[in-house]
Structure formats: structure tokens, C-alpha cells
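Subject: Handover of a structure

Dear colleague,

Please find below the structure that I am handing over to you. My notes on what was found in it follow directly after.

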Amino acid sequence: MTMLREQLLDDLSQATTAEQVEQVRIKFLGRKGLITNLAKDTDFSKLSPEEKRDFGAKLNDLKRLATDALQEAADRAKNAAESHAGAGGARIGQETRLIDLTVPGSSSTLGTLHPVTMIQMELEQIFEGMGFCVLDSPEAETEFNNFESLNIPGDHPARDMQDTFWLQNDMVLRTHTSANQVRALKRFGAPFRGIFPGRCFRYEAIDPSHENTFYQCEGLMVDRNISVANLIGVMKTLLSEIFKKEVKVRLRPGFFPFVEPGFELDLNCLFCGGAGCPTCGDGWIELIPCGLVHPRVLEFGGIDPNAFSGFAFGLGLTRLAMMRYGIRDIRHFNSGDVRFYEQFAPIV
Ligand code: DAH
């Protein structure tokens, strides 16, 4: 039986096609096959019951091994036949695995910068040109930096306007980039000129122009004899650079506890030209709240308000991107919808 087994395995190692494997099967397991005949040719009457049992067990083992080995060889032959079938195939190394060079390739797409990132990069360049530094700042803030240092104590009604997300450790997801004002003043002192772009969070009812997560770019300039004239000068330079044309703006009085006086700088709507549309409402887009830094804020930053003054502004970066790229619904920005992002030029 051992010899038969070796002979079978030897024959199978030579058999590469289905037909050859079938021949081997007939030779060993066919009606007159070598294994089949083993039982027929044996005179069981000459064997003791023990020998019979032993013979039967060995024969069964041999048959099982033969069946498995034949099946394996048949599968191998089939796979080889299939991979050979690929027209125009090329052989890789020693194996019979083939690649079909006629199959169309899968293309890769170039990513794009997020529109807010693009506008932020543009702003950074403009402000750097005017001598401002660009500072990164944390999204999770202390209550002091986000509110108190900006002259918004715990019982101040201005807190209600910025109802927001609190963390369990009493930190707050910053509601505005103004939260970095006092940190920057403490660190760099005066004179200071810097912008702090970044993500802000508010508990908002979401609609085409309100989101719970959005971007702002805070600006702060502190020096001797800074006045509203400096503020207007910087704002005008900024907007004409961004929109590459003369834009209409209006300045209204606005209240923010951390500036005095405070203003709302509105941009004439670029979609409707001021006639009024779903994006702007009445023809004006509230774009840049700003003002002269409140003396208390300077004091919190360790700056003497009698020696220095400054201006600050909080640019709605997301809103600016909407204006700049003609995006009418703020909800696109955080949608993760590739069809939206694809519309912006790929980075090359
Ligand atoms: N932080 C204010 C907000 O998010 C915006 C703001 C108003 C920033 C006036 C300023 C400012 O720097 O001077 O509503």
C-alpha cells in the first residue's frame, strides 16, 4: 500500500491538466483501478480477524488520501487553466498568475483645499504684508479667556448671546477667537499686531447662514495712539485685497463688551448687489464686528491703557468664504460632501 501511495502522489505531481488528473483517478480508483483491485485481489479467508481489521483500516486511509490528493490536483489544474485564459495576459515571475493589461486602470483623484482653508491662507498673506503675526490658539478655552478677560462676567447678558458647549472640566469650546486676545497680550506685550484664525463653536439653530461650528479670524493691534482711523484703514485694505475690487461697506454702532466704541462693519451683498436675497436678507452681510479695545481688556493683558490703545476685529471667516466663492449655504462647509469640495481648484 505504501508503494501505491507513493506511485499515486508521483503520478499526480506530473498531472497538470484536468484530463491528466482524471487519468490518474481512473488508474487508481477506477473500476479496475490499482486501489480498487487491492480489495478484490486479497483473499480475506486467509486473514485473521485482526489482520482483516488492519487491512480494512489501511485501505480506507489510502482511499481517503487518494480522493483528497486527486481533488487538490483537479483544483490546481482548474485554476491554472483559468488564469491562462486571460487574453493578452503577462506572466509574473515563476508563478502562473497573470495580469490582464487590457483592464482599464483605476484613476486617483487629486484632493482640494477646503474653501475656508484657502481664504484663511489668503488672509494670512494679506495680514503678514501689513506686519501682523499669525497665532494658533486652542479650541477648548478657559472661561476666563473666553468671557471674563473680555469684560463679560458670569452675570453679563452678552453670555446669553453666546450660549455654548461646556466641557466637564469647566473649559468651554470657544465661542469666538477673541478668546485669544488676552493670552496674546500677556505673552507678547505691546506694541502688538496679530491675527488668530480658528474654529469656533456655538449652540445655534442651523440655517443657511448659521452653523454650530464655523471659522473666525480675530485681529488685534495695540500700539501708541491707535484710533478708529487705523481700524478703517486696515479693514479697507483687507477687503479690497480679498475681493479684488471696490466693495461697499457700512459701519454701524455695535455693542461688544470688550471694545469701546464698537462697530458692525457690513458688506454690501455680492450676490444680489444690495437688493436683498435669501443669503443676506436685507442686502447687507454682517461681516466684521470691530472696535477699539476696551481699557479693561488691555489691563487684563498687562498693558497700561493710558500709554497704549488698540483696535480689534472678529472676521467671520466662513462667511467671508461664502462671499468670496459664491457659496449660498453655510451648511455645505461641514457636510463632508465631496461634490461640494470638488468644485474648488485641486492643489498641484
Ligand atoms: N468675538 C465677537 C463675536 O464672535 C466678534 C467681535 C466683535 C470681535 C468685536 C472683535 C470685536 O474683535 O472688536 O461675536
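In these notes, a residue is buried if its relative accessible area is under 20%, exposed if over 50%, and partly exposed in between, with a 1.4 Å probe and protein chains only. Helices (H or I, at least four residues) and strands (E, at least two) are DSSP runs, numbered from the N terminus. This is a predicted model, in which local features need pLDDT of at least 70 and side-chain atom pairs count only at pLDDT 80 or more, while totals for chains, interfaces and linings use all residues. Residues are numbered from 1 along each chain as its sequence is written, and side-chain values use heavy atoms, with hydrogens and water left out.

I begin with helix H5 (115–129). Its buried residues include Val116, Ile119, Leu123 and Phe127. Just after H5, Gly131 has a positive phi of about 85 degrees.

Next is the nonpolar core, meaning a set of buried Ala, Val, Leu, Ile, Met, Phe, Trp, Tyr and Cys residues joined through side-chain atoms within 4.5 Å. The largest such core has 45 residues, and Leu123, Phe127, Leu238, Ile288, Phe311 and Phe313 touch the most other members. Among the elements that give two or more residues to this core are H5, strand E10 (284–293), strand E11 (309–316) and helix H9 (228–243). H9 gives the most, with seven residues. A second, separate core of 22 residues includes Val172, Val222, Ile303 and Phe308.

Phe313 deserves a separate note. Leaving aside neighbours within four places in sequence, its contacts (heavy atoms within 4.5 Å) include Phe127, Met235, Ile288 and Glu218.

The ligand has 16 residues around it (each with a heavy atom within 4 Å), and His176, Ser178, Arg202, Gln216 and Glu218 come nearest.

- a polar side-chain atom of His176, 2.8 Å from a nitrogen atom of the ligand;
- a polar side-chain atom of Gln216, 2.9 Å from an oxygen atom of the ligand;
- a polar backbone atom of Phe313, 3.2 Å from an oxygen atom of the ligand.

The protein covers 94% of the 350 Å² of accessible area (Shrake-Rupley method, 1.4 Å probe) that the ligand has on its own.

Yours sincerely

Terms used:
A polar contact is a pair of N or O atoms within 3.5 Å; within protein, one must be able to donate a hydrogen and the other to accept it, and residues adjacent in sequence count only if both atoms are side-chain atoms.
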